[in-house]
Amino acid sequence: MKFILKIASMAIISLLLAACNSKNEKSQKKLQTSTIKYAKGFDIQHFESYSKLIIKTPYQNSNDTFEFILTKQPKNDNELQIPLKKIVVTSTTHIPMLELLNAENKLIGFPNTDFVSSEKTRRLINNGQIVELGNSENINTELLIDIKPEVVVGFTLNSNNKMYANIERMGIPVIFNGDWLEETPLGRAEWIKFFGLLFDKSKQADSIFNQIEKNYLTAKSIALKSKNKPIVLSGGLYKDVWYLPAGESFEASFLKDANTNYLWQNSKGKGSLALNIESVFEKGKDADIWLSPGFYKNIKELEEGNSIYSSFKAYQNQQIYSYSNNIGETGGIMYFELSPTRPDLVLKDIIKITHPELLTDYEFTFFEKLN
């Protein structure tokens with residue numbers, strides 16, 4: 001049974017796909033243009049009796065595209081019936097999107113359940129409604145067969161993933177979710193439309209995203225009212241290497257939209273920069289604010305991590321803020337789980353830190369000052 005149509009550049013494959021689908025698509029009128037505004041990794045097309053989900057960036061440096069036909073009345077083996085009733089997801093970033101769509105009760109299995117922070121989904125885990133499937137890189141396929149999900153939503157670093165290939169051979173369709181590859185905060189958040197389609201809640205997903213977008217853009221406009229642009233340092237040491245956001249990364253986008261002077265805002269790259277501590281100290285010692293210094297619970301732990309930290313101006317002025325202390329009951333960090341879905345709250349947190357006079361009534365969602 002084949003659930004995935006893999007699009008390649010070879011003409012013969014294109015012709016075969018066209019022959020299989022042309023009759024159906026010619027008789028179907030496309031109902032609307034795509035509603036995807038920011039996300040680069042997927043698209044959705046709605047027709048009269050079905051919708052097409054197109055995954056354009058399933059993994060890094062991908063040249064592959066995957067298409068899925070979703071319909072309420074499937075007629076062929078390569079069509080998925082929606083709304084889905086039983087699903088397995090593999091990243092905590094998927095959990096908040098399910099919850100916003102009131103679809104968390106459709107989740108029947110998850111790997112590494114201890115990483116889930118949400119109280120709502122944790123109750124389902126504790127009640128045995130969501131099965132622990134082992135490690136995300138080595139899912140227990142015997143348990144997977146027992147719970148019989150209609151779809152596994154996975155993520156992978158490359159095309160050579162034997163685990164997902166084995167799951168597909170068992171007759172369980174795998175849809176790769178590439179939200180983590182998006183380069184903008186709103187691009188990541190827009191993947192809620194991906195889940196909206198799977199649960200036949202596209203209108204609800206559009207509405208939720210539109211509100212998040214509105215909140216984000218409103219916060220951005222508020223930040224621009226400040227004439228002060230504090231100097232910001234970010235990141236921290238890990239095994240003698242200081243990792244911080246590159247200038248074209250989505251983390252740097254937050255700092256730009258918060259109207260700050262991020263010291264590495266003009267650097268190239270969409271991921272992280274790996275620097276030595278000497279170069280970071282030379283450039284960042286006089287920064288006004290230091291964000292995300294690492295997994296330290298307080299200032300004492302930070303200083304014990306490396307004595308040079310106490311020489312930073314942000315340390316001396318007690319302007320260091322971390323998201324790592326906001327954790328769930330089993331140790332999962334809320335920021336990692338919720339922030340991709342709610343970039344508006346991340347931006348408000350950063351504005352509250354860098355321009356506290358602008359959001360006087362707002363309370364932090366993720367960050368807190370290290371004391």
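In which helix is the place of Ile147? Ile147 sits in helix α4 (residues 141-147), where helices (H or I, at least four residues) and strands (E, at least two) are DSSP runs numbered from the N terminus. The model is predicted: local features need pLDDT of at least 70, side-chain atom pairs count only at pLDDT 80 or more, and totals for chains, interfaces and linings use all residues. Residues are numbered from 1 along each chain as its sequence is written, and side-chain values use heavy atoms, with hydrogens and water left out.

**Overall fold**

- The protein chain has 14 helices and 21 strands. Its radius of gyration is 22 Å, close to the 21 Å that the globule rule gives for 371 residues, so the chain is as compact as a globular protein of that length. The radius is taken over C-alpha atoms, and the rule is 2.2 Å times the number of residues to the power 0.38.
- The C-alpha trace of the protein chain spans about 70 × 40 × 40 Å along its principal axes.
- Of the 371 residues in the protein chain, 51% are buried; buried means under 20% relative accessible area, exposed over 50%, and partly exposed in between (1.4 Å probe, protein chains only).
- Contact means heavy atoms within 4.5 Å. Among contacts in the protein chain between residues at least 6 apart in sequence, 59% join residues at least 24 apart.

**Surface and charge**

- The protein chain exposes about 18400 Å², and carbon and sulfur atoms supply 48% of it. Accessible areas come from the Shrake-Rupley method with a 1.4 Å probe; for residues, only the protein chains shown count as cover.
- The 43 positive and 43 negative charges of the protein chain have mean positions 7 Å apart. Lys and Arg count as positive and Asp and Glu as negative, while His and the chain ends are not counted. The place of a charge is taken as NZ of Lys, CZ of Arg, CG of Asp or CD of Glu.

**Aromatic pairs**

- Rings of Phe, Tyr and Trp (its six-membered ring) pair if their centres lie within 6.5 Å; planes under 30 degrees apart count as stacked, over 60 as edge-to-face and the rest as tilted. By this rule the count comes to 26 aromatic pairs.
- The ring centres of Phe250 and Phe254 are 6.3 Å apart with the planes at 70°, so this pair is edge-to-face. Both residues lie in helix α9 (residues 250-257), four residues apart, about one turn of the helix. Phe250 counts as buried at 14% relative accessibility, and Phe254 counts as buried at 4%.
- Tyr335 and Phe366 form an edge-to-face pair, 5.4 Å centre to centre with 85° between the planes. Tyr335 lies in helix α13 (residues 334-338) and Phe366 in the loop between α14 (343-354) and β21 (368-369), so the pair ties together parts that are 31 residues apart in sequence. Tyr335 and Phe366 are both buried.
- A cluster linked by ring pairs holds Trp242, Phe281, Trp290, Tyr296, Tyr309 and Phe312.

**Backbone geometry**

- Most residues other than glycine have a negative phi, and most peptide bonds are trans.
- The peptide bond from Ile82 to Pro83 is cis, with omega near 0°. Pro83 is in the loop between β6 (79-81) and β7 (87-89).
- Asn61, which is not a glycine, has a positive phi of about 55°. Asn61 is in the loop between β4 (51-55) and β5 (65-71), and is exposed with a relative accessible area of 79%.
- Asp240 has a positive phi near 70°. Asp240 is found in the loop between β15 (236-238) and β16 (241-245), and counts as exposed at 67% relative accessibility.

**Selected residues**

- Ile147 is buried, with a relative accessible area of 16%. Leaving aside neighbours within four places in sequence, Ile147 is in contact with Lys86, Val88, Ile108, Gly109, Val131 and Leu133.
- Asn63 is in the loop between β4 and β5 and is exposed, with a relative accessible area of 74%. Asn63 and Ser159 are 96 residues apart along the chain, and their C-alpha atoms are separated by 9.7 Å.
- Leu291 is in strand β19 (residues 289-291) and is buried at a relative accessible area of 3%. Not counting residues up to four places away in sequence, Leu291 touches residues including Val232, Leu255, Tyr321, Ile350 and Phe367. Leu291 and Gly109 are 182 residues apart in sequence and 35 Å apart in space, C-alpha to C-alpha.
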